[in-house]
Amino acid sequence: MPERVAIVGVGFSDLRSCTPGVSYKEMMFEAATRAYHDAGVDPRKDVHSFVCVSEDFWEGTSIFDEYVPDQLGAALRPVQTITGDGIQALCCAAMLIRTGTARVVVVEGHSKYSDMRTPHHIQQFAMDPILNRPLGAHANLVAGLEMSRYLYESGNTREQCAMVVAKNRHQALLNPLAAYGARITPDDVLAAPPTFFPLGELDAARPADGCFVMVLAAESAVRDMAGQPVWIAGYGWCTDAPSLESREWGEAAYARLAAEQAYRMAGIASPLRDLDFAELDDAFSYKELQHMEALRLCRPGEAGEWVEDGVTRLDGEFPVNPSGGSLGVGHLLEATGLHRVYETVLQLRGEAGPRQVPGARRGLAQSWRHVPTTTGAVIILERE
Amino acid sequence: MREKITNPDAIRTWPGKVPVEYVYTVGVASEPFFRALMERGRLLASPCPECGVRYLPPRLFCERCFSRLEASLELEPRGTLEAFTVVHVDLDGNRLDEPQAYGLVRIHGADTALVHRLAASDADEPEVGMEVEAVLLPPAERTGSILDIRHFRPV
Ligand SMILES: [Zn+2]
């Protein structure tokens with residue numbers, strides 16, 4: 001039997017809309033120092049392998065994976081970088097441990113979004129060069145089209161999407177890490193200037209800078225550590241056809257399949273009964289509703305009513321994004337999934353302060369790699 | 001560990017840019033698609049002999065069942081509007097003087113869809129499910145590009 005794997009330490013660097021006071025390496029050093037202190041490990045002696053996430057074009061450096069070891073204490077150690085979301089790195093780290101390749105593994109992800117002068121050009125460069133790029137349009141037209149199709153198929157409404165924004169930004173006021181907490185109403189969201197109709201300016205998560213580092217350990221190594229372990233019960237990840245021409249537009253199939261894999265591994269038959277809360281991707285307002293349905297938290301077409309009825313509020317029957325989500329916290333590029341896991345760990349340790357979900361025993365974090373991707377990952381965590 | 005620059009006058013940045021240029025190989029399956037569009041104003045598609053999915057533009061392989069495909073269907077450039085968006089922002093984040101609508105168009109006889117411009121017309125607010133047709137450039141102006149389709153418009 002493979003050993004169980006726990007997250008035994010977590011660390012962050014402050015999330016901000018811009019961070020001119022530090023370089024990305026210093027942000028990583030700050031988050032790593034916190035995580036190692038939390039776990040009670042020395043990276044030069046106790047850590048066997050390191051897994052990072054990054055994307056060269058976001059960083060402005062080719063072969064960026066070469067630039068990560070020093071500030072993590074990872075020089076002259078096994079290090080690898082995944083061009084995927086942070087939850088995919090956690091899956092990789094868990095596999096390194098479950099296969100017996102390493103007993104203690106560190107995962108890192110960061111965003112230095114504010115260093116980019118031309119982020120929308122970079123994002124458009126991710127689209128098909130022959131069929132899509134010649135149109136010359138901003139890549140978020142993909143989100144506008146998807147929202148149009150999703151609302152048409154599901155029967156959910158723009159008004160219900162606006163309620164997601166108000167809920168998440170409001171919940172973020174209770175999160176000291178969040179860069180975009182605000183007291184706004186659904187009417188404010190609907191009245192904001194249109195950007196990629198049916199999306200308006202407030203329907204999209206705004207970018208933030210920040211870094212997260214996590215320490216994972218095999219069960220046999222956990223007893224030597226200071227940190228309170230939170231156990232990984234299941235995980236999965238999935239990519240749909242990337243092409244705009246043949247992908248699924250109404251339903252988030254990548255999220256449904258990633259969740260099915262994670263539910264199977266965690267032995268979860270009824271997600272709503274077996275989970276206490278979820279941190280779901282909400283890079284755009286409609287995504288939270290689409291992902292709730294894909295993860296079988298509710299039936300297709302029901303997510304809108306749930307948000308309307310307050311079911312997914314922090315004080316509702318099934319809180320979604322107690323952290324404030326990406327809408328409230330900020331979009332963190334590849335580190336986005338790690339932020340969701342960070343919140344899940346705090347909730348399960350009972351350390352979420354004023355936004356604590358009472359009695360939380362098991363939670364789920366899900367990520368999506370943003371426009372124009374169809375990649376998503378899911379991880380399920382539980383306390384003893 | 002938490003040292004930060006606190007004097008804004010002391011903050012220094014270094015600018016950088018990278019010139020990026022490529023050519024992209026269209027490939028065996030798409031070459032005839034662009035030729036048919038340029039020469040005959042028709043759209044080619046490749047049906048999968050195994051699972052039946054009809055790909056437009058054509059592909060050499062089926063993404064669902066991994067079969068090898070051939071572009072054997074020739075279709076009229078008309079279809080159904082599956083979704084639409086109106087873009088108000090350009091690639092530098094500035095607001096456009098004229099918003100531009102885009103549609104996801106499923107061509108009749110194909111199972112996949114094209115993303116393309118949608119003609120603006122006050123009389124015809126785009127509506128999911130409406131019938132649209134491609135407006136092509138005049139034959140002499142076509143270059144074998146997806147932009148040989150000027151836009152789609154309501155029928
Ligand atoms: Zn097939």
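This is a predicted model: local features need pLDDT of at least 70, side-chain atom pairs count only at pLDDT 80 or more; totals for chains, interfaces and linings use all residues.
Okay, let's start with strands E4 and E5 of chain B, residues 78–89 and 95–107, which pair antiparallel over 9 bridges. Residues are numbered from 1 along each chain as its sequence is written, chains are lettered from A and ligands numbered from 1 in the order in which they are written, and side-chain values use heavy atoms, with hydrogens and water left out.

Back to our two strands. Find B:Val87 and look across: its bridge partner in E5(B) is B:Gln100. E4(B) and E5(B) make a hairpin with 5 residues between them, and in that turn B:Gly93 has a positive phi of about 85°.

Now keep following the chain. E5(B) also pairs with strand E6 of chain B, residues 113–118, antiparallel over 6 bridges. Here B:Arg106 sits opposite B:Ala113 of E6(B). That's another hairpin, again with 5 residues between the strands, and B:Gly109 in its turn has a positive phi of about 95°.

Next up, the zinc ion. Which residues hold it? B:Cys48, B:Cys51, B:Cys62 and B:Cys65 coordinate the zinc ion through their SG atoms, at 2.3 Å. Donors here are N, O and S atoms within 2.8 Å of the metal (3.2 Å for Na, K and Ca), and sites may look incomplete, as water is not among the atoms. Along the chain, the donors follow the spacing C-x2-C-x10-C-x2-C. B:Cys51, in the loop between E1 (43–47) and E2 (54–55), and B:Cys62, in the loop between E2 and E3 (73–75), are 11 residues apart, and the pair links distant parts of the chain.

The site is tetrahedral, with angles of 97 to 124° among its 4 donor atoms. For four donors, that label needs all angles between 85 and 135 degrees.

So are those two cysteines buried or exposed? B:Cys62 is buried, at 0% relative accessible area, while B:Cys51 counts as partly exposed, because its relative accessibility is 40%. The cut-offs are under 20% for buried, over 50% for exposed and partly exposed in between, with a 1.4 Å probe and protein chains only.

Let's hop over to chain A and strand E10, residues 362–368. How many of its 7 residues are buried? The count is 7 of 7. In a regular strand the side chains alternate between the two faces of the sheet. In E10(A), one side has A:Arg362, A:Leu364, A:Gln366 and A:Trp368, the other has A:Gly363, A:Ala365 and A:Ser367, and both faces are covered.

What does E10(A) pair with? Strand E9 of chain A, residues 277–279, runs parallel to E10(A) over 3 bridges, with A:Phe277 partnered to A:Gly363. Strand E11 of chain A, residues 375–382, pairs with E10(A) in the antiparallel sense over 7 bridges, and A:Trp368 has A:Gly376 as its bridge partner. E10(A) and E11(A) form a hairpin too, with 6 residues between them, and A:His370 in the turn has a positive phi of about 70°.

Last stop, two buried residues in chain A. A:Cys91 is in helix H4, residues 86–98, and counts as buried at 1% relative accessibility. A:Cys91 and A:Val378 are 287 residues apart in sequence, yet their C-alpha atoms are 9.2 Å apart in space. A:Phe318 is in the loop between helices H13 (303–308) and H14 (325–329), and is buried at 3%. Its C-alpha atom is separated by 8.6 Å from that of A:Leu275, 43 residues apart along the chain.

Note on methods. Two strands pair if DSSP finds at least two bridges between them. Helices (H or I, at least four residues) and strands (E, at least two) are DSSP runs, numbered from the N terminus. Four donors count as tetrahedral if all angles lie between 85 and 135 degrees; four count as square planar and six as octahedral if opposite donors are over 155 degrees apart and all others between 65 and 115; anything else is irregular.
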